[in-house]
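Good morning, and thank you for coming. Please look at the display while I describe one surface patch and then the protein around it.

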Amino acid sequence: MLSASLSQGGRYGALQQLAFVCLGLLTLATPVLAVSFGAAQIGVAEVLELLLAKLSGADPGGVTARIIIELRLPRILLAFIAGFGLALAGAVLQTVTRNPLADPYLFGISSGASLGAVVVITLLGGATGVLASVGLPLGAFIGASLAVMMVLALCGRDLNTQIERMLLSGVAISFLFGALASLMLYFSGPQSAASVLFWSLGSFAKASWSMLWLPWLVVLGASVVLLLLKRQILAIQAGDETAHTLGIRVQRLRLISLLLCSLITAVLVANCGGIGFVGLMVPHMVRLLLPGRFALMLTALVGGLFMIWVDVLARCLLSYQELPVGIITAVIGSLFFLFILGGKRRR
């Protein structure tokens, strides 16, 4: 039995290492391939030539270089950061709540962040510069934190027996904050309403080099903290009592995890709009591909790559028109879970 268990663990470890190697190669190749897609088709060889020239310190001129470096590369990097952060947040939420349906969207965090961002957009209007770049993420984080606090307050102190109630509370808070955001949208001006409507559907169209620093720093910093707490977070899967016996302060760890997931979601919602189902779907995809092992970094990398190709699909699906990313993720997520439910029913 012991030898069989060890051989199985070695097999899963080898599979995980192979998956990391493949994902590492895909992470290097995906930006080059994704940059070539769009309204203006650019060959992969030309993309590589321009990128190598830029890295060597040269200044490649022309319209093609501007399209690649100033328009598409920031967009691809923002898409990767968004997918990375949302997938990691979803995986952590599913672990600390021990509920496979938990994610920032269903947990109320996305709706809270959206409400905070809508309040800032309607109040600040056409504000630009530091006020807009700081005010929008700050408002989103306040809304996301408020949603988390309300969910925890509705669940009571004993979260070990309130896992289902936590998810239901998140759904209720999500509907409440969504209604408040719609109410503010109803009373706002036409310009603010159009801006909020496009932003709430999710898009990377406004990505630029100047806006990447905040989501990059926040997602990277929160990811480092969550990865440092990985062993403690995974220990919660065995139950709160088991985690307590290992010396883990479960309530504090769960609150820290929820706040970090709120921070990630808030910054991404402020910069990309509402993108649902990524945190719900990607962890399940990783579990299906690698049963028996669940690596947070692996899940985050899959989420980043997945979001890049979803954005490519949004840019290329219709001629001379771009689809909102949130609509595509909602369609893919719904079909994915219908497939999962159908598979379980056949068993």
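Seven side chains deserve attention at the outset: L33, F37, V44, L48, L52, L55 and W309 make a nonpolar surface patch of about 640 Å². A patch is made of residues with over 30% relative accessible area and no salt bridge; like charges are joined within 9 Å, and nonpolar side chains (Val, Leu, Ile, Met, Phe, Trp, Tyr) within 5 Å. A salt bridge is a side-chain nitrogen of Lys or Arg within 4 Å of a carboxyl oxygen of Asp or Glu. Accessible areas come from the Shrake-Rupley method with a 1.4 Å probe, and for residues only the protein chains shown count as cover.

This is a predicted model, in which local features need pLDDT of at least 70 and side-chain atom pairs count only at pLDDT 80 or more, while totals for chains, interfaces and linings use all residues. Residues are numbered from 1 along each chain as its sequence is written, and side-chain values use heavy atoms, leaving out hydrogens and water.

Which helix gives the most to the nonpolar patch? Helix α2, residues 44-55, does, with four residues. Helices (H or I, at least four residues) and strands (E, at least two) are DSSP runs, numbered from the N terminus. W309 is found in helix α13, residues 296-316. W309 counts as partly exposed because its relative accessibility is 33%, given that buried means under 20%, exposed over 50%, and partly exposed in between.

Turning to the whole protein, there are 14 helices and zero strands. Of its 347 residues, 49% count as buried.

Definitions and conventions
Buried means under 20% relative accessible area, exposed over 50%, partly exposed in between (1.4 Å probe, protein chains only).
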